[in-house]
Amino acid sequence: MIKPRSYMWVIFLLTLGLAGCATAPMQEMSDARQALQAARDADAGAFVPKRYSEAEQRLLRAEKRLSSRDYKSARDNALTARREAIAARNMALAISQAKQVLVEVAAEKVLSQEARDWVTQAEAAAAAGDEEATMNTAARAKKRALEDLRRVREARRREQQENRLWLEQATPLLDQARNEKPRMNDEQRRALAEAVAVYEAQQGKAAFDGLSAVLAELPEQTAILPPAPPAAKEYRVMRGDTLWSIAAKPEVYGNPRWWPLIYRANHAQITDVDVLRAGQILKIDNQPSEEAISRAMRHAAQREKWSAGVAEKEDRLYLRDSR
């Protein structure tokens, strides 16, 4: 039998418990509304319709339960609405950010199909309401797109470096062609003007080819026969010298396309034709044969790769064939 005093304590404790349960979940409702608004701002309704709709329905249910003073059910639905809204917002942001990166990379015309496929999978996962799959595939789409962008930028940087090398090779040809202009006919002068325009447009390979073609059209003694034998039989390399620039000097050959002759005469101390050391003493062949000149000019015109620090295969083959 319960004593009167004990009975009063039980009533008191039950009253406290009921009072706690009867408290309206105002903070939970506010949190749910804010989370849903954040999801709405992230356009979750478009990207994640299933989870976003669930969040909306849960919030509506919570508001109805709140109106009918069913505070426990209102609180549970508000908490669920908040969780669903946060998940929807996170997925929507992941997809929208990935798609923004894809748009930027696509503008560079380098976006891979793999990146497109990943974002398509992310959208499908979001439509199905799969948060983990959405986040993972969206991250992969973004990562792959950024890799595509990095690769194309590296390729463009290499192209720019190669173009600068071609321009360096074209510069002495331009100087020679301008010196030979008085000997040119009208057609050759027009070709020279076109080559100069290409050079000024910084199109290295095209400028080199155009100027080489102009010089090749000059009378044979101008394009092939060497100038008077140079006075010096040795040349000391100065800072910034290249085989091209040395061969172009009047006291050497006066023609940059004869640079392979210098390479052949000094191959024992030149491991890479793209790299010379200031102070090197180079031997100059004063009387190269016409066959050696023709072979040298052929090699100079056909050689394509220029990479400092790398001995090109074409140069080794040229030495072998010149012996």
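**Notebook: helices, cores and rings**

Started with Asp 43: it comes out as partly exposed, because its relative accessible area is 39% (under 20% is buried, over 50% exposed, in between partly exposed; 1.4 Å probe, protein chains only). I note that this is a predicted model, where local features need pLDDT of at least 70 and side-chain atom pairs count only at pLDDT 80 or more, while totals for chains, interfaces and linings use all residues. Residues are numbered from 1 along each chain as its sequence is written, and side-chain values use heavy atoms, with hydrogens and water left out.

Back to Asp 43, for the backbone. Its phi is near 60°, a positive value in a residue other than glycine. I found Asp 43 in the loop between α2 (26–41) and α3 (44–47). Helices here are DSSP runs of H or I with at least four residues, strands are runs of E with at least two, and both are numbered from the N terminus.

Looked up Lys 109 next. It also isn't a glycine, and its phi is positive at about 60°. Lys 109 sits in the loop between α5 (71–107) and α6 (113–127). With 78% relative accessibility, Lys 109 counts as exposed.

Then the whole chain. I get 14 helices and 2 strands. Of the 323 residues, 38% are buried. Taking contacts (heavy atoms within 4.5 Å) with a separation of 6 or more, 69% are between residues 24 or more positions apart.

Went on to the nonpolar cores, meaning sets of buried Ala, Val, Leu, Ile, Met, Phe, Trp, Tyr and Cys residues joined through side-chain atoms within 4.5 Å. The largest has 42 residues, and Leu 243 and Ile 262 have the most contacts inside it. At least two residues of this core come from each of α7 (131–179), α8 (186–200), α9 (204–216), α11 (243–248), α12 (259–265), α13 and α14 (313–322). α7 gives the largest share, 6 residues. I listed the contacts of Ile 262, leaving aside neighbours within four places in sequence: Leu 243, Ile 246, Ala 247, Val 252, Tyr 253, Leu 282, Lys 283 and Ile 284. Another core, of 39 residues, lies apart from this one and includes Val 48, Tyr 71, Ala 85 and Ala 92.

Last, the rings. There are 3 aromatic pairs (Phe, Tyr or six-membered Trp rings with centres within 6.5 Å; planes under 30 degrees apart are stacked, over 60 edge-to-face, the rest tilted). Phe 208 and Trp 244 are edge-to-face, because their planes stand at 70°, with ring centres 5.5 Å apart. Phe 208 is in α9 and Trp 244 in α11, 36 residues apart, so the pair links distant parts of the chain. Both Phe 208 and Trp 244 are buried. Tyr 253 and Trp 258 make a tilted pair, with centres 5.3 Å apart and planes at 55°. Tyr 253 is buried at 3% relative accessibility, and Trp 258 is buried at 0%.

I also noted one aromatic cluster, formed by Trp 166, Phe 208 and Trp 244. Over the ring of Trp 166 sits the charged end of Lys 205, 5.1 Å from the ring centre (the rule is NZ of Lys or CZ of Arg within 6 Å of the centre and within 35 degrees of the ring normal).
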